[in-house]
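User: Hi! Could you walk me through the pockets and the cores in this one? Here it is.

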Amino acid sequence: MSKVIVFCEHASGAVRRASLEALGAAKAAGADVVAVLTGEGAEAAAGSAAGASKAVCLTGQTEYSSDAVASAIADLCGAEGAGAFLAAATYRGKDLAPRVAAHLDVTPFADCIELCAAGDSFHVKRPWLAGKALATLGSSGAIVATTRLNVFTPAEGDGPAECAAVAIAAEPKARVTALEAKGDAKLDVKEAPVVVSGGRGLQDAEKFHIVEELAGAFGNAAVGASRAIVDLGWRPHGEQVGQTGKVVAPQLYIAVGISGAIQHLAGMRTSGTIVAINKDADAPIFKVADYGIVGDAFEVVPKLTEAIKAVKAES
Ligand SMILES: Cc1cc2nc3c(=O)[nH]c(=O)nc-3n(C[C@H](O)[C@H](O)[C@H](O)COP(=O)(O)OP(=O)(O)OC[C@H]3O[C@@H](n4cnc5c(N)ncnc54)[C@H](O)[C@@H]3O)c2cc1C
């Protein structure tokens with residue numbers, strides 16, 4: 001069975017959910033999984049790398065350096081004879097995977113939604129053409145890919161009992177010397193299981209609060225936005241969903257007053273369940289919606305918020 005090496009980010013002594021999803025992707029492909037971790041606390045976190053038969057901790061550098069870590073991971077891919085390397089499509093994963101691919105002289109595949117066994121090697125599937133087509137891609141060498149967040153079921157169960165230490169040999173060209181936490185503790189649209197997004201149908205920035213209140217009622221929802229209202233300065237760019245914003249795949253995506261332009265659909269059409277609220281019954285968003293509510297957002301959304309709160313209060 002060909003091996004898959006999975007880069008595992010960790011925080012507070014445990015592998016992060018995004019990386020557990022990448023581990024889940026590798027397990028779903030039937031692979032023998034090797035988890036690779038680095039940084040302070042890597043050894044303690046390695047035990048939570050569910051589904052991995054082995055963990056490797058990259059040591060020797062106190063400050064994270066993506067070029068040095070990429071070089072070490074490429075060496076590890078060679079040493080393990082790995083058929084694939086996966087990292088979650090987080091900021092760090094997206095920075096790391098192309099560097100590993102460059103070392104291995106292969107093409108990196110971004111934002112994949114499936115890893116599948118193909119003989120002794122692997123293929124990946126990823127959306128193309130703003131999600132209109134699904135491409136199955138192979139490589140003449142190892143597969144190097146990032147996994148789209150919220151698509152794969154996180155791996156569960158025990159991780160490896162031990163973490164083998166491997167020193168990072170390459171001299172870093174650049175290092176991360178400090179990370180500053182954002183001032184707010186808002187959920188990011190890429191990671192939240194529920195995303196409630198608003199568009200120009202909200203009429204002006206002051207009325208956007210109905211979207212925030214609906215997101216707040218869920219308790220685990222992030223607020224998203226169409227580009228139209230980001231360009232208008234109603235919402236920050238970090239909330240923009242779409243081709244030139246973030247690509248999201250939450251379990252539930254609610255689009256409020258969003259027409260469903262192709263560039264917006266590119267960022268959310270692989271969501272689990274899509275609910276659209278729009279007063280125009282012919283709005284394109286309804287073509288991708290699982291549930292559509294034709295109505296005025298200012299009437300529908302407050303009622304929906306109250307209904308969600310009532311359900312939450314009962315449970
Ligand atoms: C290169 C390029 C990249 C782009 N990238 C992105 C991107 O990343 N993300 C993105 O979103 N867009 C992107 N766009 C812009 C995109 O083409 C659309 O212009 C944009 O998505 C429209 O935003 P919207 O749906 O909020 O506004 P509109 O298209 O104006 O739609 C507003 C909707 O609200 C409905 N509405 C009005 N009043 C109400 C009400 N009271 N209740 C309920 N519904 C109501 C209307 O029926 C309408 O459907 C990009 C465009 C280009 C050219």
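This is a predicted model: local features need pLDDT of at least 70, side-chain atom pairs count only at pLDDT 80 or more; totals for chains, interfaces and linings use all residues.

User: Which residues lie nearest its centre?

Analyst: Those are Glu 9, His 10, Arg 16, Arg 92 and Leu 179, out of 47 residues that line the largest pocket.

User: And which element gives the most to that lining?

Analyst: That would be α4, with four residues. Other elements that supply at least two residues each include β2 (10-11), α2 (42-46), β5 (54-59) and α3 (66-80).

User: How does the lining of the largest pocket split by class?

Analyst: There are 19 nonpolar, 11 polar and 17 charged residues.

User: Nice. How much space lies in the second largest pocket?

Analyst: About 470 Å³. Of its 26 lining residues, Arg 200, Ser 226, Gly 257, Ile 258 and Ser 259 are the closest to the centre. Two or more residues come from each of α6 (227-231), α7 (262-265), β16 (273-278) and α9 (297-314).

User: What classes do the residues of that lining divide into?

Analyst: For the second largest pocket, 15 are polar, seven nonpolar and four charged.

User: Switching topic: which residues have the most contacts inside the largest nonpolar core?

Analyst: Val 4, Val 6, Leu 23 and Leu 37, in a core of 36 residues. Helix α1 (residues 17-28) gives the most to this core, with five residues. There is also a second, separate core of 25 residues, with Val 196, Val 211, Leu 214 and Ile 277 among them.

User: What is Val 6 in contact with, leaving aside neighbours within four places in sequence?

Analyst: Its contacts include Ser 19, Ala 22, Leu 23 and Ala 26, as well as Val 33, Val 34 and Leu 86.

Key: Residues are numbered from 1 along each chain as its sequence is written. Side-chain values use heavy atoms; hydrogens and water are left out. A nonpolar core is a set of buried Ala, Val, Leu, Ile, Met, Phe, Trp, Tyr and Cys residues joined through side-chain atoms within 4.5 Å. Buried means under 20% relative accessible area, exposed over 50%, partly exposed in between (1.4 Å probe, protein chains only). Contact means heavy atoms within 4.5 Å. On a 1 Å grid over the protein atoms alone, a cavity is a set of points where a 1.4 Å probe fits but cannot get out, and a pocket is an open set with protein on both sides within 12 Å along at least five of seven lines; lining residues have an atom within 4 Å of a point. Ala, Val, Leu, Ile, Met, Phe, Trp, Tyr, Cys and Pro count as nonpolar, Asp, Glu, Lys and Arg as charged, and the others, Gly among them, as polar. Grid points are joined across faces, edges and corners, and a volume is the space filled by probe spheres set on the points.
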